[in-house]
Amino acid sequence: MSKTLTFEEPIVKLREKIKELEEFTKANTVDLSSEIETLKTRLGSLEEEIYGNMEPWDRVQVARHPERPTTLDYISELFEDFMQLYGDRTFGDDAAIVGGIASFETMPITIIGHQRGKDTKENVKRNFGMPHPEGYRKALRLMKQAEKFGRPIICFIDTKGAYPGKAAEERGQSEAIARNLVEMAGLTVPVISIVIGEGGSGGALALGVANHIHMLEHSTYSVISPEGAASILWKDASLAKQAAEAMKITAPHLKKMGIIDAIVPEVLGGAHRDLKVQASYIGDIIRTSLEELGSMDGDELVNNRYEKFRQMGVFAE
């Protein structure tokens, strides 16, 4: 059974009622097929109503769902001949970021993405998807390699943020992130970034200086978590729901503000409901982006990226 989120409880209760009637019908000679069909119709309408009118905090919960597909899940569905590469050639390997070479519909590409775990043991191994500096340096190494061989770069963003611990600071966390921002801005190959879960702070932006930035429908992208913002603004982390609404961190808000290029639709109820279908939606947007960016040369790609970020925000001189 998939974990039930708070706003999904009416749907779950109705599903349980339908199951109860179906089991009763099997165990007895009473024909309740008409009632069951009526409830199934009502269930479809309820799902469309609830999932079609999700509040920002609802989307935050879906983005954090423990069964939400990860970078490696999408790699296995979307790409062929994936060869994972390890290490930053300076300190070591960081399991919170995975990357390597693969083919997308016969086109050689480089894939880089944050990687969370599916259970406690794997989350400890992956540091809960929060990279150390060596993770970002590994990512940059793979990006520069991609540029050398003319391969497009596809980044999957899914992290609460870069790891804020002492060891990460000692090894130059802020410098590693800053260098990625600078180097990504000047890459002469197409860069496509897709937020597949949480896009948190500089830890997300370090893979986000792209020609095209896309977001899954129920993902989030922000400078800080709603809990963190509530703690700073109102000294109360329990006001995270209000903070999520005020921060405009969901895909519809960011598309409206011009921060992202496109919203990737999700399977009804969230990406974790059907990995294969969700992967096909992501494949469509990758294909479209590669076709559009493929006609640009290196200078045009750099200028495209520059103009994209210059146009973000509202300011006056």
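Is Y74 buried or exposed, given its relative accessibility? At 0% relative accessibility, Y74 counts as buried, and the views below, all taken from a predicted model, begin with this residue and its aromatic partners.

**View 1. Y74 and F156 form a tilted aromatic pair.** The search of the whole structure finds four aromatic pairs, and in the one shown here the rings of Y74 and F156 lie 6.1 Å apart, centre to centre, with 35 degrees between their planes. A pair of aromatic rings is described by the distance of the centres and the angle of the planes. Y74 belongs to helix α4 (residues 71–78), whereas F156 belongs to strand β4 (residues 153–159), so the pair ties together parts that are 82 residues apart in sequence.

**View 2. The charged end of R171 sits over the ring of F91.** In this close-up of a charge and a ring, the distance from the charged end of R171 to the centre of the F91 ring is 4.1 Å.

**View 3. The largest nonpolar core contains 32 residues.** Within this core, I112, M143 and I153 are the residues that touch the most other members. The elements that give two or more residues to the core include α6 (133–149), β4, α8 (173–185) and β5 (191–200), and β6 (212–216) and α12 (251–256) also belong to this list. Of these elements, α6 gives the most, with five residues.

**View 4. The largest pocket holds about 360 Å³ of space.** Its lining is made up of 16 residues, and those that lie nearest the centre of the pocket are L205, Y221, S222, V223 and I259. Both α9 (201–205) and β7 (220–222) supply at least two residues of the lining, and the largest share, three residues, comes from α9. Sorted by class, the lining of the pocket has 11 nonpolar residues, four polar residues and one charged residue.

Methods
Residues numbered from 1 in each chain as written. Predicted model: local features only at pLDDT ≥ 70, side-chain atom pairs only at ≥ 80, totals over all residues. Heavy atoms only, no water. 1 Å grid on protein atoms, 1.4 Å probe; cavity = no way out; pocket = protein on both sides within 12 Å on 5 of 7 lines; lining within 4 Å. Points joined across faces, edges and corners; volume = space filled by probe spheres on them. Helix = DSSP H or I, 4+ residues; strand = E, 2+ residues; numbered from the N terminus. Nonpolar A, V, L, I, M, F, W, Y, C, P; charged D, E, K, R; others polar. Phe/Tyr/Trp six-rings, centres within 6.5 Å; stacked < 30°, edge-to-face > 60°. Buried < 20%, exposed > 50% of the residue type's maximum accessible area, 1.4 Å probe, protein only. Lys NZ or Arg CZ within 6 Å of the ring centre and 35° of its normal. Core = buried A, V, L, I, M, F, W, Y, C linked by side-chain atoms within 4.5 Å.
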